[in-house]
Amino acid sequence: MTVMDAPPTSAPDVRDLVVGRRRRRRHRLVVTIVLAAAVVAVFAGTLMVGESFYGPVDVIKVIFGQTVPGASFTVGDLRLPRASLGLLAGFAFGIAGVTFQTMLRNPLASPDVIGISSGASAAAVFGIVVLSLDGPAVSLLALVGALVTAMAIYLLSDRGGFAGTRLILIGIGVAAMLESVVSYVLSKAASWDLQTAMRWLTGSLNGADWASVVPVAIACAVLVPVLLSQQRGLGAMRLGDDLATGLGVRVPRTRVLALLAAVALLAIATAGAGPIAFVAFMSGPIAVRLVGPGASPLLPAGLVGSLLVMLSDLVGQFALDGRYPVGVITGVLGAPYLIFLLTRMNRSGSSL
Amino acid sequence: MTESHTLAAQSLTLAYGERIIVDGLDLVVPPGRITAIIGANGCGKSTLLRALARILVPRSGQVVLDGKALHARPAKEIARTLGLLPQSPTAPEGIVVADLVGRGRHPHQKLLSRWSERDYEKVAEALAATGITDLADRSVDELSGGQRQRVWIAMALAQETDVLLLDEPTTFLDVAHQIEVLDLLADLNRDRGTTIVMVLHDMNLAARYADHMFALRDGHLIAGGRPSEVVTDELIRTVFRLESTVIADPVSGAPLVLPRGRHHSPEPEHERGSGPGSKHQLEHRIEQVAELELSYSGGRDEH
């Protein structure tokens, strides 16, 4: 078994490798395309279905700016912003969540579990209720809140290293604290109404308008490419920071870039739709299960996030007696999964 | 043979926070050789290796590769020359062996580029060299400890570096797998001329496989040289604070450390007369065997 004995003409080996890798690649590609198609289909469905049904022709006309009696208002002003916000916020939550989970090598380390989403919503609620801000100012404040929270959690858990159970447990504590801040501010709000409260407690697409969609769209357009450009480095970091450095990844730079981009996406999406419960947390593991372990899960996780939010919103609006905000539905899905992971955490050190 | 690269530490001081681990250390890694770094727990040997692999930024001094400071060179460029196998790398859950080994190609690939012909060849070669071609499509989770370590070494091979740093590559392996891994590294060194630097706990295996050894104590370099020069009972006393007898390894002729401990002195037997079990006779016997072995194998391979 000497090294030079492996001749460059070890053709069968190479062919097997090519076959195996092609197969896995094709699988990933198919899954990603199916996910994307499903997102488009659900998006279209959301535009058509509701109290009144509008056919694809009407919907397309509205999207291209033509006036269709009835549909222009229902589809153009109500359903389109709502569906767009669901799609974009879901994508942002999914991709931001899986970035955290891969970088910290733990499915529990998603930003909505470790309190970063709570930081964003606490800041946003404070901005709206106490400072009477709106629009981009709220997004900005949410961003600052999320960054400060991320920094605080990082500093508090510094001794345990960057990854680690310590960071997750501290994050869960911080999340609980910030959620009580949200409740407190809401209880002091003069314009108390259930819609706003639900939005900031579990996340909701009710009352979505273009003003809340635009910041999320801009954030996705700018920050998703940043994250995708780091995915090779992030992939190497799944092997451990030391090995990634050995492979030529500039670990601190990749980490800072990816963290900033993920926190910003998450904060701005939270400012738009509220902290839609557990979407960031569930999307990554679902995507990994679907595309397989060797691939970068970023894009699929974003698509899964979009799907989760849009489907849950449909269920919340039409499938049950009464209407529920999207976060209630995703919360019902996510909580059992969280419990499952927590019980498993003690048994094995699991990584994504 | 690959071109030889020079790796050296120049008045290197390493610290974690306030705690200084390695203090003003100078060393030159002999190119094209196998070097082992030995020392007691906490002496700074792993820390030193981490600095040589640029994972740890020196407090002062520098690590120099081919005459240029490591931190002054692009990360990917270094990664094409200098490979690292850390002590406990993590494999993503469910990843397939071929894909994991393929990660070693990272420094040779550009953003978004697909695998080249050469990528496939090198991965196939690395799998063949480590004897895990049959495992290529298996999940890493299913493998035994020995197989997994071979996967990591295959990954380092796929990286195609002329210098390879390994932090205790034999930990958690049984003795057969330890020998297998070290033989593999020796093959790599002989056939490709790869410079190998490893931290090893087992003094005797280190002495047998290394061409050159560095002994560390409390962050200082105590000795450096050929195993026969470095491994002596005085040095073992200094480095490990352990009384021992060093004899010639009957298998390889390399120095073999026999720790004394408090319970196994042969002295009482010696007092009873120089029977076949006496210390002197035992040493003599071992020397005879060693000579036999040497003449049989034509001596130890030297570079």
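What pLDDT does chain A average, and what percentage of the residues score at least 70? In this predicted model, chain A averages a pLDDT of 85, and 91% of the residues reach a score of at least 70. Over residues 1-10 of chain A, by contrast, pLDDT stays under 50, and the model has 17 contacts beyond four places in sequence for this segment. Where pLDDT is low, the predicted coordinates should not be read in detail.

Residue A:A38 lies in helix α1 of chain A, which comprises residues 11-48. A:A38 has 16 other C-beta atoms within 10 Å and is therefore partly exposed. Along the chain, 231 residues separate A:A38 from A:A269, and the C-alpha atoms of the two are 21 Å apart.

In chain B, an open sheet of 4 strands is arranged in the order β2-β1-β4-β5, with antiparallel pairing. Strands β2 (19-29) and β5 (68-69) of chain B form the edges, each pairing on one side only. Between strand β1 (residues 7-16) of chain B and β2(B), the antiparallel pairing extends over 7 bridges. The bridge partner of B:Y16 in β2(B) is B:R19. Helix α1 of chain B (residues 45-52) lies across β1, β2 and β4 (60-65) of chain B, and runs at about 120° to β1(B).

Helix α4 of chain B (residues 117-129) contains 13 residues. From its first C-alpha to its last, α4(B) reaches 18 Å, close to the 18 Å expected at 1.5 Å a residue. Just after α4(B), B:G131 adopts a positive phi of about 70°.

Helix α6 of chain B (residues 175-192) has 18 residues, which should span 26 Å at 1.5 Å a residue; the end C-alpha atoms of α6(B) are 26 Å apart, in agreement with this value. Within α6(B), the residues B:V181, B:L182, B:L184, B:L185, B:L188 and B:N189 are buried. These residues cover an arc of only 150° around the axis and therefore fall on the same side of α6(B). On the other side of α6(B), B:V175 and B:A176 are exposed. The elements that cover the buried residues of α6(B) include β3 (34-39), α5 (145-158), β8 (195-199) and α7 (203-209) of chain B. B:G193, which follows α6(B), has a positive phi near 75°.

Terms used:
Residues are numbered from 1 along each chain as its sequence is written. Chains are lettered from A and ligands numbered from 1 in the order in which they are written. This is a predicted model: local features need pLDDT of at least 70, side-chain atom pairs count only at pLDDT 80 or more; totals for chains, interfaces and linings use all residues. Helices (H or I, at least four residues) and strands (E, at least two) are DSSP runs, numbered from the N terminus. A residue is buried if 20 or more other C-beta atoms lie within 10 Å of its own, exposed if 12 or fewer, and partly exposed in between; C-beta atoms are placed from the backbone. The expected span of a helix is 1.5 Å times one less than its number of residues. The arc is that of the directions from the helix axis to the C-beta atoms. Two residues are in contact if their C-beta atoms, placed from the backbone, lie within 7 Å. pLDDT is the predictor's confidence in each residue, from 0 to 100. Two strands pair if DSSP finds at least two bridges between them. Axes are lines fitted to C-alpha atoms, for helices over the stretch in contact, and angles run from 0 to 180 degrees between N-to-C directions.
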